[in-house]
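User: I am new to this protein. Please take a close look at one residue in a strand, then lead me on through the helices and the cores.

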Amino acid sequence: MNNRIIIKNGKIIFPDRIEENLAIVCENGKIVDIVNPHEVISDDGDVVIDARDKYVSSGFIDIHTHGGGGHDFMDGTVEAYLGAAETHAKHGTTALLPTTLTSTFEELMKTFSTYKKAVKQNTKGAKFLGLHLEGPYFAYNQRGAQDPKYLRNPEPEEYNKVLAASDDIVRWSLAPELPGALEFGKVLRERNILTSIAHSDAIYEEVVDAYNAGFNHITHLYSAMSTITRRNAFRYAGIVEAAYLIDDMNVEIIADGVHLPKSLLQFVYKFKGPDKTALCTDSMRGAGMPDGESILGSLDKGQKVIIEDGVAKLPDRTAFAGSVATTDRLVRTMINIAEVPLVEAVKMMTLTPARMMKIDQQKGSIQKNKDADFVIFDDNINVSYTILEGNVIYRN
C-alpha cells in the first residue's frame, strides 16, 4: 500500500511567512519534502489533495479542552473521548489534551482507565497528547465554575497515589499559594509534567516562588486569578501582573472573543507575544452544539449551565462556565477582532503550544521530518481538510 500524500496549490503557512507554489510530500505519516510542484511526479497510488488556493497550516493543537459535541471527558466513557475528538477534528484540531475538572478521587481513577482505552480506539479524531488535570487544588475564591465541594489542598499521600496510577498525565493546573503546593510543583517538575498556575489568589511574590519551583505556565490568563489587591492599605500585584513581569512565564488565553475583549486580546499579544502565548478553547461539551441547557463536567455529577452569547454560563449568569469555542474560532477571533496577522495567530495555535508541551520536534509547524498534520482553510478560517499524520480525518 502506497502511503504517499501530496498537497498542492495551497498557500503554506510557515512560522514566519506564507509561501505559494510549493508542494508538500508526505510518506508514512511524515513530511518528507517541500518542493516545487513541477518536481513531484505522482503515482497512481498517491493521494493528491488540491488545496485550491486555500491556506495550508500545521494542525491546530489545543492544550486545554474539556470536551465538545455533547461529550465531556469526565463522562468516563470511551464514546465521550472519541466523540469530543471527532468534533474538534472538524474544526482543524489535530492534537489535544483531554482536561479533567475538580472531582472525586474515584472519578479521576476512572478517567485514567478510560483514557487508556480511548487512545487505542481513536482513529477518526484529534490525537490525544496526554491528560491535563485541572484541579482539585484550587483557591475557593477563584473557583469559577469548579465545584467547590471537591476543592482541597495538595497532600503527598493523595497526589502520589494519583501520579502512581497514571503515566499519561502531562500537565497539572493548581493554585501555588495553597499549603504544600510548592513541594508538589517540584515533584511535577521532576516528572517533566507541565505545572500551571490556575484558579489562584496568589500575589506576585508567591508567583515568583512558584515559578522557581517549576510553575512556568498560567492557565487561561485573566480567568479565575488575582490581579492588584489591597491588604491593610498596601497594594500587591497578582498573577496577571506576574505573567508580564516574569519574561519566561508562558500563558494561554481563551480567545473566543467573550472571555477576553478585544483590548485584552491585543494587550496579551503586544506584551507577551505569539511565542509565549498559546490559544486554547477550554471548551466544555457545548462546543459545536446549539444554544440551550448543558452540563459542565460529568453527566451524573456535573453542574447545569446555559449556553448563550457564544459562551457557557452558570444558571444565575454570575460567571462563565467554560467556553464553547473550537480552534478555528480562536484563530478567526485573533485575526478579525484582535487584528493579529494570520501567521502569528496560527503560530499561537500550532508551534507555540507544541513548544510548551515539548513536542515541537514532531508537531507544530510544516517542516521536513515532522508529523504530517495539516488543516486547510479559507480566508475566514472555514476548514476544508483536517489531516493527522498523513490520514484525512475530516473533509468538508
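Analyst: Start with I295, which is partly exposed, with a relative accessible area of 22%. Buried means under 20% relative accessible area, exposed over 50%, and partly exposed in between (1.4 Å probe, protein chains only). This is a predicted model, in which local features need pLDDT of at least 70 and side-chain atom pairs count only at pLDDT 80 or more, while totals for chains, interfaces and linings use all residues. Residues are numbered from 1 along each chain as its sequence is written, and side-chain values use heavy atoms, with hydrogens and water left out.

I295 sits in strand β21 (residues 292-296). Helices (H or I, at least four residues) and strands (E, at least two) are DSSP runs, numbered from the N terminus. Setting aside residues up to four places away in sequence, I295 touches M284, R285, G302, Q303 and V305. Contact here means heavy atoms within 4.5 Å. A312 is 17 residues from I295 along the chain, and their C-alpha atoms are separated by 9.4 Å.

Now a strand residue with another setting. Y385 belongs to strand β25 (residues 383-388). Y385 is buried, with a relative accessible area of 12%. Its contacts, not counting residues up to four places away in sequence, are I49, F374, V375, I376, V392, Y394 and R395. F374 is eleven residues from Y385 along the chain, with 7.8 Å between the two C-alpha atoms.

The loop between β24 (374-377) and β25 holds I381. I381 counts as buried, at 2% relative accessibility. Its phi is near 60 degrees, a positive value in a residue other than glycine. R52 also has a positive phi, near 55 degrees, and is not glycine. R52 lies in the loop between β6 (47-50) and β7 (55-58). R52 is exposed, with a relative accessible area of 64%. A cis peptide bond joins G135 and P136, with omega about 5 degrees. P136 is in the loop between β13 (131-134) and α3. Most residues other than glycine have a negative phi, and most peptide bonds are trans.

Next, the cores. A nonpolar core is a set of buried Ala, Val, Leu, Ile, Met, Phe, Trp, Tyr and Cys residues joined through side-chain atoms within 4.5 Å. The largest one has 71 residues. W172, I218, L221, I253, M334 and F377 have the most contacts inside it. A second, separate core has 17 residues, including F14, V56, A372 and I387. F377 touches I13, K54, Y55, S57, F60, L342, V346, N382, V383 and S384, not counting residues up to four places away in sequence.

Then the helix pairs. Helix α1 (residues 78-89) packs against helix α2 (residues 105-121) at an angle of about 55 degrees, with the axes 8 Å apart. Axes are lines fitted to C-alpha atoms, for helices over the stretch in contact, and angles run from 0 to 180 degrees between N-to-C directions. That angle makes α1 oblique to α2. Angles under 35 degrees count as roughly parallel, over 145 as roughly antiparallel, 65 to 115 as roughly perpendicular and the rest as oblique. V78, Y81 and L82 in α1 meet T111, T114, Y115, K117, A118 and Q121 in α2. By class, this contact has five nonpolar, three polar and one charged residues. Ala, Val, Leu, Ile, Met, Phe, Trp, Tyr, Cys and Pro count as nonpolar, Asp, Glu, Lys and Arg as charged, and the others, Gly among them, as polar.

T87 is also in α1. T87 is buried, with a relative accessible area of 12%. Leaving aside neighbours within four places in sequence, T87 is in contact with G68, G69 and A287.

Helix α3 (residues 156-165) and helix α4 (residues 181-190) pack at about 15 degrees, with their axes 11 Å apart. That makes α3 roughly parallel to α4. Y159, N160 and L163 in α3 meet E183, F184, V187 and L188 in α4. Those residues divide into five nonpolar, one polar and one charged.

Helix α4 also meets helix α5 (residues 204-213), where the axes come within 8 Å and cross at roughly 30 degrees. The two are therefore roughly parallel to each other. L182, G185, K186 and R189 in α4 meet D209, A210, N212 and A213 in α5. This contact has three nonpolar, two polar and three charged residues.
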